[in-house]
Amino acid sequence: VGALREMPGYIDVTVGDLREIYRRAYPRAVEQSLRGLCARDLMRIGVRPARPDMALVDAARLLAEQGVCSLPVVDDSGRVVGLFAKADLLHRLHAGSTLQLLLRLIDDSSSVDCAALAVTVSNVMRSSSVTVAEDAGFQAIAAAFADGGTSCMPVTSTEGRLLGILDRQRLEAVDLAEGAAVV
């Protein structure tokens, strides 16, 4: 409406017409602006992955140190073999959420079974991790997140080696900056 007021002369467009034009044009504009983005442009590099033989406690420390909710699990050649998530750790400790675990610790510090942590990542990781190729486009990334149901997704080379991770929150931030609700 403000733009119409700034235009010199008379334009016969009602507010309703303008809203309809906007409603139809906006998704196209967002799609066009996201079209050139790929996983390589959006991934976070330098994340240290977990290893299948890593102690669960050490993997939990890696999660905390790096400020992520999930970590790719890689084999000796750097190929992604699974995903270790904060949710996997909470499940192992019989807690539905971090807050629930924290409150349980406040109430009774001995309520956490430390023996439950005496396993390796391979005992709790999700071995069917969804990954995306480094050249995957935004729509393919969004579809993979929908299929994978995780907050983190490994980005891999054509050989399956870890290159970086995609974080759902970062993608939603990009998406919101562009104004769409794709992810």
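In this predicted model, the side chains of R61 and D58 meet in a salt bridge, 3.3 Å from N to O. A salt bridge here is a side-chain nitrogen of Lys or Arg within 4 Å of a carboxyl oxygen of Asp or Glu. R61 and D58 both lie in helix 4, 3 residues apart, about one turn of the helix. Helices (H or I, at least four residues) and strands (E, at least two) are DSSP runs, numbered from the N terminus.

The model is predicted: local features need pLDDT of at least 70, side-chain atom pairs count only at pLDDT 80 or more, and totals for chains, interfaces and linings use all residues. Residues are numbered from 1 along each chain as its sequence is written, and side-chain values use heavy atoms, with hydrogens and water left out.

**Salt bridges**

The count comes to 7 salt bridges. Side chains of opposite charge can pair when their charged atoms come close.

| Pair | N to O distance |
|---|---|
| R61 and D58 | 3.3 Å |
| E65 and R48 | 2.7 Å |
| E134 and R40 | 3.5 Å |

The pair of E134 and R40 links distant parts of the chain, 94 residues apart. E134 sits in the loop between strand 3 (132-133) and helix 7 (138-148), and R40 in helix 3 (residues 39-42). The side chains of E65 and R48 also meet in a salt bridge. E65 lies in helix 4 (residues 56-66) and R48 in the loop between helix 3 and helix 4, so this pair ties together parts that are 17 residues apart in sequence. E20, R23 and R24 are linked in a network of salt bridges.

How covered are these residues? Buried means under 20% relative accessible area, exposed over 50%, and partly exposed in between (1.4 Å probe, protein chains only). E65 is exposed, at 56%. R48 is partly exposed, at 44%. R61 is partly exposed at 47%, as is D58 at 38%. E134 is partly exposed at 27%, and R40 is partly exposed at 42%.

**Nonpolar cores**

In soluble globular proteins, nonpolar side chains tend to be buried together. A nonpolar core is a set of buried Ala, Val, Leu, Ile, Met, Phe, Trp, Tyr and Cys residues joined through side-chain atoms within 4.5 Å. The largest core has 26 residues, of which A50, L56, L71, F84, L89 and V121 touch the most other members. Helix 4, strand 1 (70-74), strand 2 (80-85) and helix 5 (86-92) each give two or more residues to this core. Helix 4 gives the most, with 5 residues.

Leaving aside neighbours within four places in sequence, F84 is in contact (heavy atoms within 4.5 Å) with residues including L56, L63, L71, V73, L89 and V121. A second, separate core of 12 residues includes L42, A144, F145 and L166.

**Strands 1 and 2**

Strand 1 and strand 2 pair in the antiparallel sense over 5 bridges. Pairing requires that DSSP finds at least two bridges between two strands. V73 stands opposite G82 in strand 2. The two strands form a hairpin with 5 residues between them, and G78 in the turn has a positive phi of about 85 degrees.

Strand 1 is mostly covered, with 5 of its 5 residues buried. In a regular strand the side chains alternate between the two faces of the sheet. In strand 1, S70, P72 and V74 are buried on one side, and L71 and V73 are buried on the other.
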